[in-house]
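Dear colleague,

My notes on it follow.

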Amino acid sequence: MTASADRQILTQVRSVIAGGSGLPTPINAGYMIYVALLVTAIVAVPLIRSIVLGLASADVLATITAPDSYRVVGVVGAVLAASALLIARTRGPIVPSPFLTEFLAGSQLARSDTLRRPFLVSISVLVLVAFMVAGIVVGAQLLGGTTAVLPAALVVLACLAYSGFLALLWLIGQSCPRRTTVPLAVAILGTAIAIGLGIDAAVLATPWGWVAMLWESLGHPVTPIRWWPVIALAVSPLMFLAAPTLLNNLRSSEIMAQARRWQSIGILVQTGDVAGASGVLRSPPTRGRHSPIALTGPLPLAILQRDIGAALRFPVRSALGAVALVGAGWLNAHTPSVTNGLDWIVALSSVLLAYMAAGVWCDGLRNATENAGPTSLYGRNILTMIGSHALLPALACVVLGSIGAGAAVIGGAVFSALPWWILSTIFIVLVRILDCAKGPMPIGLLLPIVTPAGDVSILNVIAWQFDAPLIVLTIAGGLSILFVTAGPEAIIGLIISIGIVMALAGRRVRALGRLTTS
Amino acid sequence: MSYLEARDVSASIDSELLLAPVSFTVGGGEALAVQGRNGSGKTTLLRILSGQVHPTGGRALIDGAPLDERHRSVRRTVSARIGMPAFARELTAHEHLRFIATTWGRLGSTATDVADSTMTALEIGSLRNRFVNELSSGQTQLLSLATALVRPFDVLILDEPEQRLDATRRALVSAIVRAEVDRGATVVIASHSPDMVEAIADQAVLLGSP
């Protein structure tokens, strides 16, 4: 079959889709454009403006233009590259609808043709995000007068080129077997460590290092612009010559698995079930079936063994969760030592990271709440079950997080950061219980709230869905910042918050288990 | 016409055996029925024969070459219906078939004609303007089979085509599939229906417990 015949078929296929009887009408499409414009004008533009103005303060600019900041850029670039390779099996750049996967990618047409559009969309999204992030940071520097236009423009262009490189790595991650991509990701992370340790060869030899080199010339007029990294990044789109081969190497089973998973997630998110959506992302276990779980001793101990045994069946996820908790503790303990203006970023990042990492250890907790109700599987009341399943996340947060916080204390952070961290983790685990026991969204939240900007009932839904991370960010994060200047007040505030969240969680749990056996 | 060959084909995940080793050859103009209890690996075998899954043991071949759906030639040759397809909620039953026919190079009115004839053969022509959510389970099964029949193929693989069909429809589907065999196609079906196996298959393979 010739290329022109393939093109003719694709054109006809698209015309059949475009003529579908159930497609949105022009009025629907117009409404979506109207909503997009409103969101851009009312939310996005003011938000970006305030971020740029916030970053343009002298303290923040001094930090992001510090002499060694280029190393941070290099490390971040390498971590992004490794992440692109590793996340591709969960969410790759090629995720068409299951229908198109089955009947278009499954047809005789080359996948380099049928899957080109989804790939171009993914590239466009990455390029847009890179443009926004680079534009915000560089814009702040231009506003603060710490850089000239040429190096700023070169950094933005470098970020755009690098986003294309990331897109290709993302495709490699989806198209190539794990035995290829995992060692490659590990090697990339190795260069990140090398850059972090000050080994300049890793900066010179890697694309993320080239971006870092261009970053170095920002805010440092004495550092001349090095043109060869610019040229190297400029010609990097040539790598896309490999894209057709990678697209043709994609397996339909792999694309279909992702297509179905993300379609389910989309439906769950549309119906307001974010917890269900995140559950779809959790892949089923494939190992550990021959490692029996003992289930001995009193019930809480047996449940702890069950939860640990289950966590070990997801070794990569558990390892990442453990590392994240250690990192969260380390970050939180460093909040007092960070320059004014950035301490809130460190504090909020640490508690959010801890909250997300705690979720890795909450599978048993989620299972207990899902089974609460009149037809509960379990012969104990829901409070006992949830209390027992909370042991593992509590232990993980306290022990693993304290390792990070302890390391920070040994490294010079204030000692009081360690007990503060332990108190914070108790709060975070309680919020996890609160979140797990949430139950279905009240239908009343979907009632329209008419304003001149349209129906804003979506804000209610968002607040309901994300109440737990918002509580963690505002209370644990906010009090972590307050702890720097007003320790006793922050401790009292956190203890009161623990009491309130405990009461709320208890109320939700009792509501879930009202009809269960005791 | 194409022939399929399984040489000691087996499949396992981790250390769990999903399909015990099995061997056979099916030539053009022949139909093979795969039989066995639930969990004996029938669907896994069909996935291997359609190139969607690599066997962890043995070899699966089409015309002497390894089966891998990433090759255009394999996709062009093998039409497999294993489980329900991913329907598009915004397309009608007829638009589904027209779309599929178009992707296989049957353009314009030819795609419409082949979609019409497939629906007529399966006696679902009256459903042409229905969305998939408006079909009964048996009608959905017939549309599902139509998605495999509306495109050109040399090898047809069907997993339990009798599901949700009444006796009349089972006989109708059997006749259509047998006609494909008589045309020269290579057909493999997994089935629990003795009537369907009797009407379609020239040979059968019984899978043991893995």
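**Confidence and overall form**

The average pLDDT of chain B is 93, and 99% of the residues of chain B reach a score of at least 70. Please bear in mind that this is a predicted model. For the model, ipTM stands at 0.79 and pTM at 0.76.

Chain B contains seven helices and nine strands. The C-alpha trace of chain B extends over about 45 × 35 × 35 Å along its principal axes. The radius of gyration of chain B, 17 Å, agrees with a compact globule, because a globule of 210 residues would have a value near 17 Å. Of these 210 residues in chain B, 48% are classed as buried. Among the contacts in chain B with a separation of 6 or more, 70% are between residues 24 or more positions apart.

In chain A, the domain assignment gives domain 1 (56-258) and domain 2 (293-512). Between the C-alpha centres of domain 1 of chain A and domain 2 of chain A there is a distance of 32 Å.

**The four-stranded sheet of chain B**

Chain B has an open sheet of four strands in the order β2-β1-β4-β5, with antiparallel pairing. The edges of this sheet are formed by β2 (16-26) and β5 of chain B, each of which pairs on one side only.

Within the sheet, strand β1 (residues 4-13) of chain B and strand β4 (residues 57-62) of chain B run antiparallel and are joined by five bridges. One position in this pairing is Ser10(B), which stands opposite Gly57(B) in β4(B). Strand β5 (residues 65-66) of chain B also runs antiparallel to β4(B), and two bridges join them. Here Leu61(B) has Pro66(B) of β5(B) as its bridge partner. The hairpin of β4(B) and β5(B) has two residues between the strands, and Asp63(B) in this hairpin adopts a positive phi near 50°.

**A covered helix**

**The contact between the chains**

In the contact between the two chains, 31 residues of chain A meet 27 residues of chain B. On the side of chain A that touches chain B, α1 (3-18), α5 (98-105) and α14 (252-270) of chain A each supply at least two residues. The largest share of that side, seven residues, comes from α1(A). By class, the residues of the side of chain A that touches chain B are 12 nonpolar, 15 polar and four charged.

With kind regards

Notes
Residues are numbered from 1 along each chain as its sequence is written. Chains are lettered from A and ligands numbered from 1 in the order in which they are written. This is a predicted model: local features need pLDDT of at least 70, side-chain atom pairs count only at pLDDT 80 or more; totals for chains, interfaces and linings use all residues. Two residues are in contact if their C-beta atoms, placed from the backbone, lie within 7 Å. Ala, Val, Leu, Ile, Met, Phe, Trp, Tyr, Cys and Pro count as nonpolar, Asp, Glu, Lys and Arg as charged, and the others, Gly among them, as polar. Domain bounds come from an automatic or database domain assignment. The radius of gyration is taken over C-alpha atoms; the globule rule is 2.2 Å times the number of residues to the power 0.38. A residue is buried if 20 or more other C-beta atoms lie within 10 Å of its own, exposed if 12 or fewer, and partly exposed in between; C-beta atoms are placed from the backbone. pLDDT is the predictor's confidence in each residue, from 0 to 100. Two strands pair if DSSP finds at least two bridges between them.
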